[in-house]
Protein chains: 2
Amino acid sequence: MHAEILSIGSELTSGRNLDTNSQWLSRRLAELGVATGWHTTVADDFAANLDCFQVACRRAKVVIATGGLGPTQDDLTREVLAKLAGVELVEDAASLTVIAEMFRRRNRTMPERNRVQALVPAGAEVLPNDRGTAPGIWMRHGDAWIAALPGVPTEMYAMFELQVKPRLQALGLAQGCLVQRKINTFGLGESHVEEKLFDLTRRDHVPEVGITASDAVISLRILARGLTEAEARTLTEPVERIIRERLGEVVYGVEDEELQDAVAALLVKHRRTVAVAEGVTGGALADALVGVPGASAWFRGGVIAYDDGLKRELLGVPADLLAAEGAVSAAVAEAMAVGCRTRLGVDLALATVGVAGPGPLTDDRPAGLVWVALAHADGTASATFHWVGNRAEVRRRTAKMALNLLRVHLLRRTA
Amino acid sequence: MHAEILSIGSELTSGRNLDTNSQWLSRRLAELGVATGWHTTVADDFAANLDCFQVACRRAKVVIATGGLGPTQDDLTREVLAKLAGVELVEDAASLTVIAEMFRRRNRTMPERNRVQALVPAGAEVLPNDRGTAPGIWMRHGDAWIAALPGVPTEMYAMFELQVKPRLQALGLAQGCLVQRKINTFGLGESHVEEKLFDLTRRDHVPEVGITASDAVISLRILARGLTEAEARTLTEPVERIIRERLGEVVYGVEDEELQDAVAALLVKHRRTVAVAEGVTGGALADALVGVPGASAWFRGGVIAYDDGLKRELLGVPADLLAAEGAVSAAVAEAMAVGCRTRLGVDLALATVGVAGPGPLTDDRPAGLVWVALAHADGTASATFHWVGNRAEVRRRTAKMALNLLRVHLLRRTA
């Protein structure tokens with residue numbers, strides 16, 4: 001373990017703000033082959049800051065600090081680092097010019113207090129900041145290297161990439177590259193996915209393959225390390241091929257892709273239009289589809305038939321079918337999809353019915369029980385599931401289930 | 001500064017997971033009058049853990065650790081604390097019974113490795129965990145008190161409240177009470193709200209009043225400290241009254257209440273039903289309404305008329321009106337609301353039209369331009385806005401705007 005990340009600010013220790021810089025830095029360092037052993041967050045207090053820098057320099061080879069470089073009296077990092085090094089603060093002429101210029105470009109007079117931002121411990125190196133008024137500091141203490149960066153994420157990200165990364169590489173601390181590939185699936189439970197990939201998800205498998213579940217989407221993450229990105233990809237690519245071979249049509253996308261993105265691509269490719277008839281999802285299915293930019297090319301609209309009367313009036317579901325089967329049934333879901341397809345004049349129509357909860361609809365219609373249906377040119381298809389989850393989860397997951405029914409239909413009919 | 005929070009786990013130092021336990025604990029401690037000076041996160045490494053506990057006990061009076069209490073070999077907290085205290089681990093019979101019982105109730109055999117979860121450093125106190133198999137540990141080291149809790153948030157939250165809080169209070173470390181009151185508004189911009197409350201939002205005002213904006217909802221947070229909750233509330237209540245007097249109907253709720261909750265309460269109170277005709281929001285408005293448990297009592301359904309043809313066919317918007325005014329217009333929004341109200345047989349109907357983006361619809365219909373409309377027994381109302389935001393933001397905020405139009409209507413007609 002080589003690195004410690006030190007986040008400075010009472011807004012973090014008080015719990016007012018959540019520290020996300022440490023996670024970002026840990027990930028970037030891991031990608032560069034540097035393992036982080038510690039995150040420390042400390043309030044704006046001189047003695048506590050000095051102590052934290054001393055502790056960090058004792059145990060880590062690289063200490064990356066964020067925050068405490070602003071112009072106010074709370075901002076102590078410059079003084080703490082001078083004290084740590086046992087030197088005076090000196091004004092860096094180049095930094096002062098940059099800061100003054102930054103104010104001039106905004107047609108503002110530089111407040112006198114911003115002058116302190118040009119101070120650095122004597123002998124330390126200045127890390128230029130082209131997005132803000134706080135330059136960073138690079139210095140050695142004992143066996144450790146210290147990089148002090150501003151706490152503002154956008155400034156910190158850029159300075160890490162432009163200033164810190166090359167220095168870590170030059171020191172031989174940052175070596176290699178970590179590549180992550182995420183593969184998203186829908187339609188198989190987590191344990192079924194794991195069963196099919198048991199040899200890959202073992203803890204000692206190289207590259208590492210992890211499974212995560214989020215709202216019924218099961219994702220695989222392949223993590224591989226290499227000296228270069230290309231080398232790491234030669235490790236992830238064969239594993240991705242195996243996963244795709246074993247899981248087949250269950251795989252719907254990679255990285256941040258959602259089911260509606262996969263559906264949208266297939267609808268565009270096959271020039272099909274779609275509409276929705278929503279019961280239990282109550283707008284969530286249409287909302288997901290309309291969220292895709294360019295949806296107007298293939299999404300026509302829909303009917304939210306939350307009330308059973310509307311299932312008859314707007315979608316033409318026969319009253320006797322509703323009475324015989326109940327609204328939460330395969331037959332009614334399919335009748336809604338067929339009615340929607342005809343009345344809205346689309347190629348494909350999706351329908352959802354179910355019990356969102358809390359509480360059951362009737363004794364034989366418990367909370368979480370849902371049906372989704374699809375109407376297409378040659379007939380209908382439907383699927384059912386009994387979700388364990390709260391009202392919001394049941395509704396979101398049922399919308400995904402409907403999207404997946406459509407996705408698989410489009411895949412198969414054109415396979 | 002009294003407290004240090006120590007989060008244990010390589011999944012945190014590697015950046016794979018984000019630590020939110022530290023923020024939660026800091027907030028709860030602050031509410032109890034305990035200031036947190038440090039957060040430390042450490043990887044699953046024995047020596048590094050021992051060092052972190054030693055450093056924390058040197059500088060803090062209370063050390064709250066989370067994680068490392070599971071049944072696997074990575075879970076080191078029990079052993080680290082025994083080493084720190086210079087004692088052996090001993091099996092706590094009561095804990096073992098509880099763990100075994102937990103497996104028995106789930107009809108599972110207790111794996112042998114779970115037995116280690118009943119071990120505690122000799123002389124330490126066991127903190128019962130009624131939500132999981134990992135009991136916590138309470139012990140003194142040097143001048144500091146240590147509470148070791150599981151890392152699973154729901155287990156940790158409950159154990160903090162039931163086990164740690166009373167112990168801190170008994171020690172006289174937790175004194176006083178911080179009360180927060182959140183007041184939610186919609187309909188005025190952040191700077192307008194601030195203008196009306198300028199005297200209250202000054203930095204030196206007691207109690208402190210902060211403003212935050214989230215998706216066009218502007219919230220005020222009143223923060224007050226007292227020896228008891230009742231005493232703190234005597235500070236927040238007069239400020240809440242002033243805010244309500246000055247902002248009037250712009251205030252729609254408190255704490256986590258959303259606009260749809262306020263709308264639902266008014267619809268129930270006045271026994272009115274509602275339906276929606278959605279253009280630009282494309283399901284998001286219905287989704288918000290249906291998300292309220294019990295929505296079936298007052299929500300009937302809706303039409304998603306994303307396509308202009310459907311605005312005519314399903315809602316009866318005249319073709320010449322569409323041609324003359326364009327779909328993104330007050331007249332079309334009102335016609336959609338009127339058509340929806342009549343055809344779906346409800347008391348009140350909402351409609352939305354607009355340009356979600358990316359990119360404009362036409363030269364005079366830029367991305368972000370929207371109209372919302374309401375049809376009621378005595379006529380119609382409408383409102384327009386030009387949002388600056390991405391596709392998802394424009395759609396979410398427009399749904400809120402429509403909900404607010406309905407809310408204000410229901411408030412005024414019954415005032």
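Predicted model: local features only at pLDDT ≥ 70, side-chain atom pairs only at ≥ 80, totals over all residues.
Let me start with the relation between the copies. Chain A is superposed on chain B, with an RMSD of 1.6 Å, by a rotation of 179° and a shift of 1.5 Å along its axis, and that is the relation of a two-fold axis. The same surface serves both copies, in that 100% of the contact residues of chain A recur in chain B.

The contact itself draws 47 residues from chain A and 47 residues from chain B. On the side of chain A that touches chain B, the elements giving two or more residues are α2 (21-31), β2 (36-42), α3 (46-59), α10 (284-290), β14 (299-304) and α14 (391-413) of chain A. The largest share of that side, seven residues, comes from β2(A). Sorted by class, the side of chain A that touches chain B holds 22 nonpolar, 17 polar and eight charged residues.

What does β2(A) join in chain B? Five bridges link β2(A) to strand β2 (residues 36-42) of chain B, and the two run antiparallel. As one point to find on the screen, Trp38(A) has Val42(B) in β2(B) as its bridge partner.

Strand β9 (residues 177-186) of chain B is joined to β12(B) by three bridges, running antiparallel, and here Ile183(B) stands opposite Val254(B) of β12(B).

Next comes a helix pair in chain B. The axes of helix α9 (residues 259-269) and helix α14 (residues 391-413) of chain B come within 9 Å and cross at roughly 30°, and the crossing of α9(B) and α14(B) is left-handed. Among the residues that make this contact are Leu259(B), Val263(B) and Leu266(B) of α9(B), and Leu403(B), Arg407(B) and Leu410(B) of α14(B). By class, the contact of α9(B) with α14(B) has eight nonpolar, two polar and two charged residues.

Which residues of α9(B) are buried? They are Leu259(B), Gln260(B), Ala262(B), Val263(B), Ala264(B), Leu266(B) and Leu267(B). The buried residues of α9(B) pack against β9, β12, β13 (274-278), α10 (284-290) and α14 of chain B.

I will finish with the backbone. Most residues other than glycine have a negative phi, and most peptide bonds are trans. Arg271(B), although not a glycine, has a positive phi of about 50°; Arg271(B) lies in the loop between α9 and β13 of chain B, and with 9 C-beta neighbours inside 10 Å it counts as exposed. In chain A, Arg271(A) likewise takes a positive phi of about 50°, and Arg271(A) is exposed.

As for peptide bonds, a cis bond joins Val206(A) and Pro207(A), with omega about 0°, and Pro207(A) sits in the loop between α7 (190-196) and β10 (208-214) of chain A. The bond from Gly357(A) to Pro358(A) is also cis, with omega near 0°, and Pro358(A) is placed in the loop between β15 (348-354) and β16 (369-376) of chain A.

Methods
Residues numbered from 1 in each chain as written. Chains lettered and ligands numbered in written order. Contact = placed C-beta atoms within 7 Å. Helix = DSSP H or I, 4+ residues; strand = E, 2+ residues; numbered from the N terminus. Nonpolar A, V, L, I, M, F, W, Y, C, P; charged D, E, K, R; others polar. Pairing = 2+ DSSP bridges. Axes fitted to C-alpha atoms, helices over the stretch in contact; angles between N-to-C directions. Left-handed = near helix turned anticlockwise from the far one by under 90°. Buried ≥ 20, exposed ≤ 12 C-beta atoms within 10 Å, placed from the backbone. Least-squares fit on C-alpha atoms with pLDDT ≥ 70 in both.
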